[in-house]
Amino acid sequence: MIKKAIAVMTSGGDSPGMNAAARAVVRTALYEGVKVYGINNGYQGMLDDDIEELTSRSVSDLIQRGGTFLGTARCPEFKTPEGRRKGYENLVKRGIEGLVIIGGDGSLTGGSLLSKETGMPIVGLPGTIDNDVWGMDYTIGCDTAANTIVDAINKLRDTASAHRRIMLVEVMGRNSGWLAMMSGIAGGAEFILVPEVKFNIDTMCEEIKGMYDAGKRYSIIVVAEGAGSAIEIGKAVEEKTGIDTRVSVLGHIQRGGSPSVEDRMKASMLGEKAALAIISGASDVVFGFNEGKVVAVNLFESVNNTKTLDPELVRLARVLA
């Protein structure tokens, strides 16, 4: 049955391109003659009934902006069945018949529980810089974040070379090393430390000393936060090599900034797909990209499976180092 009113929300950590995706959902729904609501501040806004009807103008001047105009927040209450029921009732009283959720694995898990317990139709879009949603090789924001890291590596290389230093760059990725691996390879790092692959610090330090003995002026080591603290690793590296070592923790700068062309385009394409799907009666699906094409992944399979780091990237990093 064709829906008359839908809602869109962003949840979890913000990522560049979320605004582009939400904009596409809103304008596609309006183009189809469907009323569309925006839920402010994620699941917390759903429970607080912080929901407003959106127009085409509501999403103007957004496609180039990072962050999310809808906002996002943590919501422990939504993790309870009672909390989810409260949120559901706030949707129903406004006549909302379907919900598009833009967020990462945790946010999509919340949507899957809402769907199971209440029957509210849910369509998900993968919005996370970690690129760790199962069933796809792209998530909204990952390209911009990787480019932000590479830009930082390029700058840090200049000062590392000038002082013959070892430079450690800590990037986000508590459970996934995708950001570290992609930016490390693209940034020409000598070593990339990720949570999925064990590393031996003594072996790494011996290799670094050999490189310096052969005339190398600097070394770049990219560290995913899940692989360990770059500050602690840096202290050990300097102690074991005797080479001046510095650490740069990039932190939340990776989340911000104007989204890249790829993130704007793919987010817009996924937003249209999500809106058309939810309007036409689809539910329990996540739309993403895999090998350059839009794919539809079962929502429950997506949140109950763990995406692994491509071993080809690990191999390439070792070859090119």
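In the predicted model, Asp 151 is partly exposed, with a relative accessible area of 38%; here buried denotes under 20% relative accessible area, exposed over 50%, and partly exposed the range in between (1.4 Å probe, protein chains only). Asp 151 forms a salt bridge with Lys 155, and the closest N and O atoms of the pair are 2.9 Å apart. A salt bridge is taken as a side-chain nitrogen of Lys or Arg within 4 Å of a carboxyl oxygen of Asp or Glu. Lys 155 counts as exposed, at 52% relative accessibility. Because the two residues are four apart in helix H5 (residues 142-163), about one helical turn separates Lys 155 from Asp 151. Helices (H or I, at least four residues) and strands (E, at least two) are DSSP runs numbered from the N terminus.

Residues are numbered from 1 along each chain as its sequence is written. As the model is predicted, local features need pLDDT of at least 70 and side-chain atom pairs count only at pLDDT 80 or more, while totals for chains, interfaces and linings use all residues; side-chain values use heavy atoms, with hydrogens and water left out.

By the salt-bridge rule, the count comes to 14. A further pair is formed by Arg 165 and Asp 244, whose closest N and O atoms are 2.7 Å apart. Arg 165 counts as buried at 15% relative accessibility, whereas Asp 244 is partly exposed at 29%.

Within helix H8, Glu 232 and Lys 235 are three residues apart, about one turn of the helix. Their side chains meet in a salt bridge with an N to O distance of 3.7 Å. Glu 232 is partly exposed, with a relative accessible area of 46%, and Lys 235 is exposed, with 52%. Elsewhere, salt bridges that share partners join Asp 49, Lys 93 and Arg 94 into one network.

The axes of helix H3 (residues 81-92) and helix H4 (residues 105-118) come within 10 Å and cross at roughly 80 degrees. Axes are lines fitted to C-alpha atoms, for helices over the stretch in contact, with angles from 0 to 180 degrees between N-to-C directions. H3 is therefore roughly perpendicular to H4, on a scale where angles under 35 degrees count as roughly parallel, over 145 as roughly antiparallel, 65 to 115 as roughly perpendicular and the rest as oblique. With contact defined as heavy atoms within 4.5 Å, Pro 81, Arg 84, Arg 85 and Tyr 88 of H3 meet Gly 110, Leu 113, Leu 114, Glu 117 and Thr 118 of H4. By class, this contact has four nonpolar, two polar and three charged residues (Ala, Val, Leu, Ile, Met, Phe, Trp, Tyr, Cys and Pro being nonpolar, Asp, Glu, Lys and Arg charged, and the others, Gly among them, polar).

Leu 179 lies in helix H6 (residues 178-186) and is buried, with a relative accessible area of 0%. Not counting residues up to four places away in sequence, Leu 179 touches Ile 129, Asp 130, Cys 142, Ala 145, Ala 146, Ile 149, Met 172, Gly 184 and Gln 254. Leu 179 and Ala 146 are 33 residues apart in sequence, with a C-alpha to C-alpha distance of 5.9 Å. Cys 142 is itself buried, with a relative accessible area of 2%, and Cys 75 counts as buried at 10%. The structure holds zero disulfides, a disulfide being a pair of cysteine sulfur atoms within 2.5 Å.
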